[in-house]
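Have the sequence and the model open side by side.

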Amino acid sequence: MVDNHSTDNTTAIISRIAATDPRVVHITPLQTDLGIGGCWDLAVNNEQCGRYAVQLDSDDLYSSSHTLQTVVDKFRKECCAMVIGSYRMCDFKLQTLPPGIIDHREWTATNGMNNALRINGLGAPRAFYTPLLRQVGVPNTSYGEDYALGLTFSRQYKIGRIYDELYLCRRWEGNSDAALSAERVNANNHYKDWLRTNEIKARQQLNQYWSRQATMADADRLFDQQMQSWPEAAQRYAEISKVQTRTVEVEGQTVTLQHNPARMVSTGASTQAAAISQRPCFLCSYNRPSQQKGIALNGRFQLLVNPFPILPRHYTLPLRQHCPQQIMPYIDDMIDFAMRLTDLFIFYNGAHCGASAPDHMHFQAAPQSAMPHTMLSRHYTLQATTAEEMRHKFIDTYNSLPIPAGELEPRINVLMWAEGKTVNAVIIPRRQHRPDCYSSGETTRIISPGALDMAGLIITPRNEDFTDITPAEIAHIIKQCGVSE
């Protein structure tokens with residue numbers, strides 16, 4: 001509760017309750033100029049504010065004991081940045097007042113963000129993903145702060161809508177919101193017109209950003225800029241140049257081992273759905289480090305510098321939306337990236353084939369000069385002279401592979417790159433995500449093969465795996481995760 005220097009008996013009442021109930025967090029701001037929005041901002045930036053912040057104005061009520069759970073369920077089910085419910089106008093006896101339930105059904109999944117510009121409000125209760133709300137900030141005003149936030153959030157992020165009654169908006173006779181002067185009404189409308197004007201300009205700028213098509217020169221420039229502006233990432237890339245490697249002959253082919261302790265974050269990550277659902281997605285824009293910048297690709301991907309590199313220049317290409325890892329809807333993009341970013345190879349780890357973010361569609365890229373070429377597992381090699389030819393060959397191969405029960409696609413790793421006018425692809429079918437020795441057996445090996453490992457660059461976060469693993473173990477790991485002839 002943010003107690004904004006109230007002049008009635010509110011402060012004493014809250015203090016008395018907070019003294020005996022540790023659930024009550026009583027905040028009295030030092031400032032004396034905070035409006036409703038400023039109070040909101042103070043509350044959500046308090047360290048005791050949880051993952052989600054849900055509105056409850058002092059005069060109003062949640063309509064049932066299930067309101068908060070319903071809101072949280074919507075956040076989790078749809079990965080929303082904001083959730084808005086529906087409310088009923090009523091008096092203090094909870095008798096319905098005209099117009100009754102307000103649900104804003106003009107909001108649609110395809111055009112909600114634009115419909116928001118045509119109306120004066122988005123509904124209640126309003127709930128927010130707290131880390132993002134802290135980034136956006138709540139305007140310090142006592143009118144329209146909720147509308148300003150709705151416009152800002154809908155510009156880039158998904159807003160979940162609940163059309164069932166969740167909230168009771170109570171009005172009493174002579175309520176200030178119900179009996180405004182003409183001057184006040186005009187001032188309020190002017191403020192919201194001002195918000196709409198600024199929002200349209202911001203969306204035009206955003207459209208210009210996403211209409212760009214990054215080139216190889218853009219990728220090089222981005223990397224150099226990030227090394228200048230992001231010290232933590234620059235330090236890891238400096239360490240990559242000094243990372244220990246050694247080569248091992250395995251069945252007549254040369255395999256490279258890399259000792260990279262920083263990759264334990266990925267290699268040691270839990271692959272259980274429950275664990276993934278509980279952690280913030282590090283590929284969603286609002287969870288990324290503030291220093292991480294990107295450039296647009298094909299209007300729906302971004303090119304980012306990977307802050308935990310395996311190779312000297314390591315990029316991540318996440319989709320704008322939070323969607324599961326699944327290559328087929330985006331194979332045209334992958335082919336285009338390979339042909340556009342001519343010095344790089346593009347690679348893909350399936351959701352059960354080494355992807356560190358199986359819940360968020362993404363590719364990765366690195367210099368062709370660093371691409372591994374040792375294939376101990378069975379694989380397909382494709383070549384084409386046009387994007388369309390590669391697309392048909394890839395789809396034919398993809399459709400020949402089985403899709404495990406309950407999964408979205410065949411288990412595969414893919415590497416793709418261009419050489420002159422030729423587009424090349426390697427598709428590596430997979431049997432399992434991690435080898436049996438990852439979690440059992442006499443000798444445990446913390447190795448979780450992705451596309452690079454399957455192509456001959458084995459990442460070993462632990463020193464004992466780097467120094468002690470034998471050629472026979474390497475062959476067994478790769479073949480166990482791959483498929484038989």
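The side chain of Thr130 comes within 3.4 Å of the backbone nitrogen of Tyr52. The backbone nitrogen of Ala53 is also reached by the Thr130 side chain, at 3.4 Å. Polar contacts here are pairs of N or O atoms within 3.5 Å; within protein, one must be able to donate a hydrogen and the other to accept it, and residues adjacent in sequence count only if both atoms are side-chain atoms.

This is a predicted model: local features need pLDDT of at least 70, side-chain atom pairs count only at pLDDT 80 or more, and totals for chains, interfaces and linings use all residues. Residues are numbered from 1 along each chain as its sequence is written, and side-chain values use heavy atoms, with hydrogens and water left out.

Thr130 belongs to helix H5 (residues 130-136). Helices (H or I, at least four residues) and strands (E, at least two) are DSSP runs, numbered from the N terminus. Is Thr130 buried or exposed? Thr130 is buried, because its relative accessibility is 1%. Buried means under 20% relative accessible area, exposed over 50%, partly exposed in between (1.4 Å probe, protein chains only). Leaving aside neighbours within four places in sequence, the contacts of Thr130 (heavy atoms within 4.5 Å) include Val44, Cys49 and Arg51.

Now follow Tyr52. Its ring and that of Phe75 have centres 4.3 Å apart and planes at 15°, so the pair is stacked. Rings of Phe, Tyr and Trp (its six-membered ring) pair if their centres lie within 6.5 Å; planes under 30 degrees apart count as stacked, over 60 as edge-to-face and the rest as tilted. Tyr52 sits in strand E1 (residues 52-54) and Phe75 in helix H3 (residues 67-78), 23 residues apart. Phe75 is buried, at 3% relative accessible area.

Three strands form an open, mixed sheet in the order E7-E8-E17. Strands E7 (244-250) and E17 (457-460) each have a single partner strand, so one side of each lacks a neighbour in the sheet. E8 (residues 253-259) pairs with E17 in the parallel sense over four bridges; two strands pair if DSSP finds at least two bridges between them. Gln258 has Ile459 in E17 as its bridge partner.

Finish with charge over rings: NZ of Lys or CZ of Arg within 6 Å of the ring centre and within 35 degrees of the ring normal. Arg246 lies over the face of Phe466, 5.8 Å from the ring centre. The charged end of Arg320 sits over the Trp210 ring, 4.0 Å from its centre.
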